[in-house]
Amino acid sequence: MAPAAATLRFLGAAGTVTGSRFLLSTPSARVLVDCGLFQGHKALRLRNWEPFPVKPEGLHAVVLTHAHIDHCGYLPALVRAGYRGPVFATRGTAELAAIVLPDSGRLQEEDASFANRKGFSKHEPALPLYTEQDGRVAALAIVPVPAGAEREIAPGVRLVLRRAGHILGAASVTLVLEGPPERRLVVSGDLGRPGHPLLRAPEPPDAADWLLVESTYGDREHDDSRVADDLAQAVSETAQRGGVVVIPAFAVDRTEGVLFQLRELAAHGRIPRLPVFVDSPMALAALRVYRRALAEGWDEVRPELRGRDDVLDPGGLEEVRDPRASRALCEAPGPFVVVSASGMATGGRVLHHLIERLPDPRNSVLLVGYQVAGTRGHRLLSGERSVKLLGRYVPVRAQIRDLSGFSVHADASELTGWLASARQAPRGVFAVHGEQAAAATLAARVERELGWPTVVPAHDERIQL
Ligand code: ZN
């Protein structure tokens, strides 16, 4: 029998933005790139509960592009199911994943016990997908690999990580499959933007036969010009009304981006000096890693900011660690700003802030990140007049603002530009990690502008390389 060719299997982030996981199989090795959780609509979330499609113990290596949950959040479940091999990622990703994964487990434990207390789970008893302890154990499997260094990670498979500029530690993945003929696969991971306030721009992709490109904003262009103005206006107006500005923010990176921007605005007198509370233990832990990266001048940090960890303090920065302090803050009179996770209001302390603040028109809620369809953040963005929070409906009277220009995802032109900077034309491109319309729009544009065959793979589709 002829040896099986290398195949690529799309186990997630195909026609949707979450659950990033791509399985490369060669005759000698199986490598999983990203190990993300599905988020959003229930039909997607249920996929997290399906058994992993291949035996976890049969995988040789896992590679993580970055520490966002939709890219690494399934890892504890994989380890719990029997995966015992190494997990390769940059130092930044290793440090952030050690914060994010246990937190994800803790949230799942809390959700399960809350559902049990309130009796609104259909399962008796509701169980977490994994626990805080599972998250800690999984993070220990991560082996940091410096960006740019080539390293054999499985028989006949070499890895190179390249800076992706999306969040601290974020990398694109190049896999070199030994030949003959040698073949190369590049997975973009989430790509940042040249204008990230703290991080350097993404590196161009390595020469590749096959290229997987994210397409979160594959059908949109960001309008940066308004972001600072919108933020300044929203904060100033809310302060004048004596209200509270609630900013649900992804604990990692978005919190830093918001703090940086608030500092700029305060420094230029465009917003009043207000207390700014960061109310999320995870965000505070991530903030420490960012401060250290700035202070130590990590390679991915913008050169002009190296040694400047002060740029993340907008003045009245208050770190809220204690849950009682968080409770008290929910009832405290404005004006002030509170930045709290999760970024799509799917869990975390921000839920309590929303329950308190949404019914009052003096307050405002600023949505600064991508809101996956089916999440509460998306419902707020869509203008729903009441949203269900912790089992009860809360009226939405606060001002809801879309500040998605804050995005740390490349827009359609930036994605196309990144592809165009490749050192050679690939044989094919796969548009992944985008809702169907966004992925299809980007695919059509790449074919039109670059002339490269581009497809949107279906969930669980297998491709011969
Ligand atoms: Zn991401």
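1. Helices H12 and H13. In this predicted model, helix H12 (residues 412-420) and helix H13 (residues 436-450) cross at roughly 45°, and their axes come within 11 Å. That angle makes H12 oblique to H13. On the H12 side, the contact is made by Ala 412, Ser 413, Leu 415, Thr 416, Leu 419 and Ala 420. H13 supplies Leu 442, Arg 445, Val 446, Glu 449 and Leu 450. The crossing of H12 and H13 is right-handed.

2. Helices H4 and H5. Helix H4 spans residues 91-118 and helix H5 spans residues 132-140. Their axes lie 7 Å apart, at an angle of about 160°. H4 is therefore roughly antiparallel to H5. The cut-off for that label is over 145 degrees. H4 passes H5 in a right-handed crossing. From H4, the residues in contact are Ala 97, Ala 98, Leu 101, Pro 102, Gly 105, Arg 106 and Glu 109. They meet Glu 132, Gly 135, Arg 136, Ala 138 and Ala 139 of H5.

3. Helices H7 and H8. How do the axes of helix H7 and helix H8 cross? The angle is roughly 70°, and the axes come within 9 Å. H7 covers residues 254-267 and H8 covers residues 281-296. The two helices are therefore roughly perpendicular to each other. Thr 255, Glu 256 and Leu 259 of H7 make the contact with Ala 283, Ala 286, Leu 287 and Tyr 290 of H8.

4. The zinc site. Which residues coordinate the zinc ion? The donors are His 66 through NE2, His 68 through ND1, His 166 through NE2 and Asp 190 through OD. Distances run from 2.2 to 2.3 Å. In sequence, the donor residues follow the spacing H-x1-H-x97-H-x23-D. His 66 and His 68 are both buried.

5. Geometry at the zinc ion. The 4 donor atoms subtend angles of 92 to 165°. For four donors to count as tetrahedral, all angles must lie between 85 and 135 degrees. The arrangement here is irregular because of the angles its donor atoms subtend. As a reference, the ideal angle for four tetrahedral donors is 109.5 degrees.

6. Ser 326. This residue sits in helix H9 (residues 323-331). Is Ser 326 buried or exposed? Its relative accessibility is 6%, so Ser 326 counts as buried. Leaving out residues up to four places away in sequence, Ser 326 touches Asp 279, Val 320, Arg 349 and His 353. Arg 200 is 126 residues from Ser 326 along the chain, and the two C-alpha atoms are separated by 34 Å.

7. Ala 154. Strand E7 (residues 151-154) contains Ala 154. The residue has a relative accessible area of 5%, so it is buried. Which residues does Ala 154 contact, leaving aside neighbours within four places in sequence? They are Ala 29, Val 31 and His 60. The C-alpha atoms of Ala 154 and Pro 86 are separated by 9.8 Å. Along the chain, Ala 154 and Pro 86 are 68 residues apart.

8. Cis peptide bonds. Most peptide bonds are trans. Pro 180 and Pro 181 are joined by a cis bond, with omega about -10°. Pro 181 lies in the loop between strand E9 (171-177) and strand E10 (183-187). Another cis peptide bond joins Ala 341 and Ser 342, with omega about 10°. Ser 342 is in the loop between strand E15 (336-340) and helix H10 (350-357).

9. Positive phi at Ala 13. Most residues other than glycine have a negative phi. Ala 13 has a positive value, near 50°. It lies in the loop between strand E1 (7-10) and strand E2 (22-25). With a relative accessibility of 0%, Ala 13 counts as buried.

10. Positive phi at Leu 390. Phi of Leu 390 is also positive, near 50°. Leu 390 is in the loop between strand E17 (386-389) and strand E18 (392-395). Is Leu 390 buried or partly exposed? Its relative accessible area is 28%, which makes Leu 390 partly exposed.

How values were computed: Residues numbered from 1 in each chain as written. Predicted model: local features only at pLDDT ≥ 70, side-chain atom pairs only at ≥ 80, totals over all residues. Heavy atoms only, no water. Donors = N, O, S within 2.8 Å, 3.2 Å for Na, K, Ca; no water. Tetrahedral: all angles 85-135°; square planar, octahedral: opposite > 155°, others 65-115°. Buried < 20%, exposed > 50% of the residue type's maximum accessible area, 1.4 Å probe, protein only. Axes fitted to C-alpha atoms, helices over the stretch in contact; angles between N-to-C directions. Helix = DSSP H or I, 4+ residues; strand = E, 2+ residues; numbered from the N terminus. Parallel < 35°, antiparallel > 145°, perpendicular 65-115°, else oblique. Left-handed = near helix turned anticlockwise from the far one by under 90°. Contact = heavy atoms within 4.5 Å.
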